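Trainee: I have a new model open. How should I read it, feature by feature?

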Amino acid sequence: MRRDRAMALLRAVARGEVAPEGALDQLALAPFEAVADAAGDVATLDHHRALRQGVPEVVYGAGKSPAQAVAIVGRLAVRGEGFLVTRADDGMRAALLAAYPAAVENVLGRTVRLAPDEPVRSHCGRVCIVTAGTADLPVAEECAETLRSAGVVADRVTDVGVAGVHRLLARASQLAMADVVIVIAGMDGALPSAVGGIVRGAVIAVPTSVGYGASFAGLAPLLTMLNSCAAGITVVNIDNGFGAAMAALRILGSRASSNVTPDASSNAKPGNEFGVAT
């Protein structure tokens, strides 16, 4: 259950349209749920994650069979919340699309996303995804799809690595408008430092496994980003576009919550899943 749905339910109680007992039943309904197949339990879903954190549980596809993935997302979709599956291989994506023809496949990002029954409300804040090279796009697409599942459509700045830093500087005004900049880079991993030196907003660095032997499958850019001389950069794990998107959503959610007064009157505008007045 998303925060905006919970808030709508509570307002319905305040208006006398729903009995308190009925609202309590809806709020308490299966905060978590075991999912099983013929071989036994395969997952325990956290249905109240969106209520606590603003974003529903996301399904990590790697290590699961197509049948398991379909069974898991089925319990999410039946509640009208939609779903997002990351790191889904060809067979898993095919099975999910067969079960849910309305879902959106991102082949490059290896994701499948089903929109919720009710559109997710947008919220205050702007995110920009920056990639050093075209080879970093798979990670960028995973990041973008995760943001889209939460109602955020990010700006994009592509192929502006430090080998031609003038390309980055030409987009400086666009970067400056972002509240959060997610910088995705392999090779030497120097791009987040360059971005961190010219923008005011939060910078989240994502090292990728792109590069020749001495990049050690992303370890070299990871260490470069951790040792950045640009203060305050956040670094996530190698190829973790999903984690970067979730960090950005937490930042936006924290900013939004600070704008909501604790004694808001009943005339306040409905909040979105981050609790922001819209």
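Mentor: Begin with the terms: helices (H or I, at least four residues) and strands (E, at least two) are DSSP runs, numbered from the N terminus. By that rule the protein has eleven helices and eleven strands. This is a predicted model, so the cut-offs matter: local features need pLDDT of at least 70, side-chain atom pairs count only at pLDDT 80 or more, and totals for chains, interfaces and linings use all residues. Residues are numbered from 1 along each chain as its sequence is written, and side-chain values use heavy atoms, with hydrogens and water left out.

Trainee: What share of the residues is buried?

Mentor: Buried means under 20% relative accessible area, exposed over 50%, and partly exposed in between (1.4 Å probe, protein chains only). Of the 278 residues in the protein, 45% are buried.

Trainee: And how do I read contacts along the sequence?

Mentor: Contact means heavy atoms within 4.5 Å. Take the contacts with a separation of 6 or more: 64% of them join residues 24 or more positions apart.

Trainee: Now the sheets. Which strand order does the five-stranded sheet have?

Mentor: Two strands pair if DSSP finds at least two bridges between them. The five-stranded sheet is open, with the order β8-β7-β9-β10-β11 and parallel pairing. Its edge strands are β8 (155-157) and β11, each pairing on one side only.

Trainee: Where do the bridges fall?

Mentor: Three bridges join β7 to β8, and Cys128 stands opposite Asp155 in β8. Between β9 and β10 there are six bridges. There, Ala185 stands opposite Pro207 in β10. The chain goes from β9 through helix α9 (residues 191-196) to β10, a right-handed β-α-β crossover. Right-handed has a viewing rule: with the strands pointing away from the viewer, the path from the first strand over the helix to the second runs clockwise.

Trainee: How many bridges pair β10 with β11?

Mentor: Two, in the parallel sense, with β11 covering residues 234-235. Ala205 stands opposite Val235 in β11. The chain crosses from β10 to β11 through helix α10 (residues 219-226), and this β-α-β crossover is right-handed. Note β10 itself: five of its six residues are buried.

Trainee: What about the other sheet?

Mentor: Four strands form an open sheet in the order β3-β4-β6-β5, with mixed pairing. At the edges stand β3 (59-60) and β5; each has a single partner strand, so one side of each lacks a neighbour in the sheet. β4 and β6 pair in the antiparallel sense over three bridges. Leu84 has Arg113 in β6 as its bridge partner.

Trainee: How do I find a nonpolar core?

Mentor: In soluble globular proteins, nonpolar side chains tend to be buried together. A nonpolar core is a set of buried Ala, Val, Leu, Ile, Met, Phe, Trp, Tyr and Cys residues joined through side-chain atoms within 4.5 Å. Here the largest has 25 residues, and those with the most contacts inside it are Val127, Ile129, Leu147, Ile182 and Ile204. At least two residues each come from β7 (127-131), α6 (137-149), β9 (180-185), β10 (202-207) and α11 (241-257). α11 supplies the largest share, seven residues. A second, separate core has 19 residues, including Leu175, Ala185, Val199 and Met225.

Trainee: Which residues does Ala244 touch?

Mentor: Ala244 is in helix α11 and is buried, with a relative accessible area of 0%. Not counting residues up to four places away in sequence, Ala244 touches Ile182, Ile204, Val206 and Val236. Ala244 and Cys143 are 101 residues apart in sequence, yet 6.7 Å apart in space, C-alpha to C-alpha.

Trainee: Last one: how do I read the faces of a helix?

Mentor: An α-helix has 3.6 residues a turn, so residues three or four places apart point the same way. In α5 (residues 90-99), Met92, Arg93 and Leu96 are buried. Seen down the axis of α5, the buried residues fall within an arc of 100°, so they line one face of the helix. The arc is that of the directions from the helix axis to the C-beta atoms. The face turned away from the buried side carries the exposed residues Asp90 and Ala98. Covering the buried residues of α5 are elements including α4 (66-77), β4 (83-86), β5 (104-106) and β6 (111-114).

Trainee: What does the side chain of Arg93 join through a polar contact?

Mentor: A polar contact is a pair of N or O atoms within 3.5 Å; within protein, one must be able to donate a hydrogen and the other to accept it, and residues adjacent in sequence count only if both atoms are side-chain atoms. For Arg93 the partner is the side chain of Glu105, at 2.8 Å. Arg93 is buried, with a relative accessible area of 4%.
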